[in-house]
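Subject: Structure handover

Hello,

Here is the structure I promised to pass on to you. Please have a look at it first, and then read my notes below.

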Amino acid sequence: MSAAWSESVRPLKKAFWSCSPTGGEGRMMLPKHRAHETIRRRSALFVAILTIVLAGGGWGQYAIAASSPDVQAKLSYCKDCHGPSAQGYRGYFPIPRLAGQQPAYLENQLRAFIERRRTNNIMFNVAHSLSPSMLAALAADFHALNPPPIGGAPQRLVATGQKIFQDGMPENNIAACAACHGPGATGSGEIPRLAGQLYPYVIKELTNWGKERGQNPTKPDTSAIMSPVAHSLDQEQIDAVAAYVSTLK
Amino acid sequence: MDVRNVQTSSSSKRDPRRPLRVAALRFPLQATMLTIAVVATARAENTDVGTVSEKEVQAKLAYCEVCHGVSAQGFHGYYPIPRLAGQPTEYLKNQLQAFVEHRRTNNIMFNVGHVLSPAMIDALTTDFNALNPKPLGGGPTEPVAEGKKIFENGVADANVPPCASCHGPEAKGNGPFPRLAGQLYDYIVNKLTNWDKERGQNPEKPDTSALMQPIAHSLTQPQIKAVAAYVSSLE
């Protein structure tokens, strides 16, 4: 269990032992009837603590409130690169939009960086220190954001991109993106939202799919689904789809 | 040719002291030969509907499996995307035709379906029928027992016949009746709930979907969920 876990139970432990008939200095000599009463109080407190802890969804999965200062500090750290509303940012690399992203996808990708399934040294360093509960809190917060797309894609490609996204190109065995990503490109579960994603980021991901994702042979993952799709698109089609989704709100 | 070689080598290894083991070995061999013969016949029939190269078929299969799952076991995309594995060829052909003729409304499957040649449809449906992956799972387990009861006995009070009478006791389907075994829970719930909003949509071309219409209508939502949970768990 993580450091965050022991930190969060420390005050509870303190409260627990301060009720102990034998745990505190100077309380060793309590009269017998007082000691019994204290034990009863201690048991009741223990049950209460256990209830609070377990209500969080299990020992490893207790929730951190989104308002927690830890979460807020980490969010502002993420937004240094991903933009103040997580709308994405053009740094040296195109840094993806996280706003509105599916929580299951965000968690899966953060784990993918940690497990070297997805290679990105910066994101490995960022992610491997996050506790599971922090990860869930961040994913929920990013999912709730909804800034407008940052834009910047060439407009002339959008119509072709829309056609490929909504209908695919069945003659060329190019799947309709909408079947899995949804007609509004909002994604679902582990399938990412593409709406409003950065034009150069989508191009980079589709162009380098098999070089960046699914890189840990001992841990095959869902990125394999997109591998043949990314391969079947030529550069013009990739540009067109990227332009289309980057305009969607 | 390969088949004959296998048979010869198997015979030469025959050991009179182990007749049972030989019999056990021969049975799967016969089954394999039968399968090959049946597949060969199906492929031979393709000549009646034009031809398509094995390479084209494999490319198209890979394309279908992007959405329907690597073994056509179904997939949870934005929509629940149905299992095609083990589905009767006649049902698959009928549905592809239904998408093309707008009897069944689904824009993505219309686009996919209308470019397929008859030879390609024959090849694809034969291949999907031959697949047998485990069910994808994910349905609730709690209503399975109730679902089994409805599937096998029907709901007489509501004039719902046993599903098994058309779909078979193991829900494997037959001819125009689809296999339900291993189908995705949320796909079945979705179909039974929206039956006549999606199927039988071309008034000039009434089709077999009309058979299910009153049944789907007579089932309550908890009954639909129970049946869906049951069939989704079947191998």
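**What I found**

A171(B) is buried, because 22 other C-beta atoms lie within 10 Å. Here a residue counts as buried if 20 or more other C-beta atoms lie within 10 Å of its own, as exposed if 12 or fewer do, and as partly exposed in between, with C-beta atoms placed from the backbone. The residue A171(B) sits in the loop between α8 (164-167) and α9 (185-193) of chain B. Its phi is positive, near 65°, in a residue other than glycine. Most residues other than glycine have a negative phi.

Before I go on, a word on conventions. This is a predicted model, in which local features need pLDDT of at least 70 and side-chain atom pairs count only at pLDDT 80 or more, while totals for chains, interfaces and linings use all residues. Residues are numbered from 1 along each chain as its sequence is written, and chains are lettered from A and ligands numbered from 1 in the order in which they are written.

A72(B) also has a positive phi without being a glycine, about 55°. You will find A72(B) in the loop between α3 and β1 of chain B. It is buried, with 26 other C-beta atoms within 10 Å.

**Chain B and its helix α3**

Chain B has 12 helices and 2 strands; helices (H or I, at least four residues) and strands (E, at least two) are DSSP runs, numbered from the N terminus. Their order from the N terminus is α-α-α-β-β-α-α-α-α-α-α-α-α-α. Of the 235 residues in this chain B, 32% are buried. If you take contacts in chain B between residues at least 6 apart in sequence, 70% join residues at least 24 apart; two residues are in contact if their C-beta atoms, placed from the backbone, lie within 7 Å.

The helix α3(B) has 15 residues and spans 20 Å from first to last C-alpha, close to the 21 Å expected at 1.5 Å a residue. That expected span is 1.5 Å times one less than the number of residues. Buried residues in α3(B) are K60(B), Y63(B), E65(B), V66(B), C67(B) and H68(B). What do the buried residues of α3(B) pack against? In chain A they meet α8 (178-181) and α11 (223-232), and in chain B they meet β1 (75-76), β2 (80-81) and α6 (118-130). After α3(B) comes G69(B), with a positive phi near 95°.

**Where the chains meet**

The contact takes 18 residues from chain A and 15 from chain B. On the chain B side, α3 (54-68) and α5 (107-114) are the elements that give two or more residues, and α3(B) has the largest share, with 6 residues. By class, this side of chain B has 11 nonpolar, 3 polar and 1 charged residues. Ala, Val, Leu, Ile, Met, Phe, Trp, Tyr, Cys and Pro count as nonpolar, Asp, Glu, Lys and Arg as charged, and the others, Gly among them, as polar.

**Chain A**

Chain A is assigned domain 1 (3-55), domain 2 (69-144) and domain 3 (155-247), with bounds that come from an automatic or database domain assignment. The C-alpha centres of domain 2 and domain 3 of chain A are 20 Å apart. Between these two domains of chain A, 16 residues of domain 2 are in contact with 20 residues of domain 3.

Best wishes
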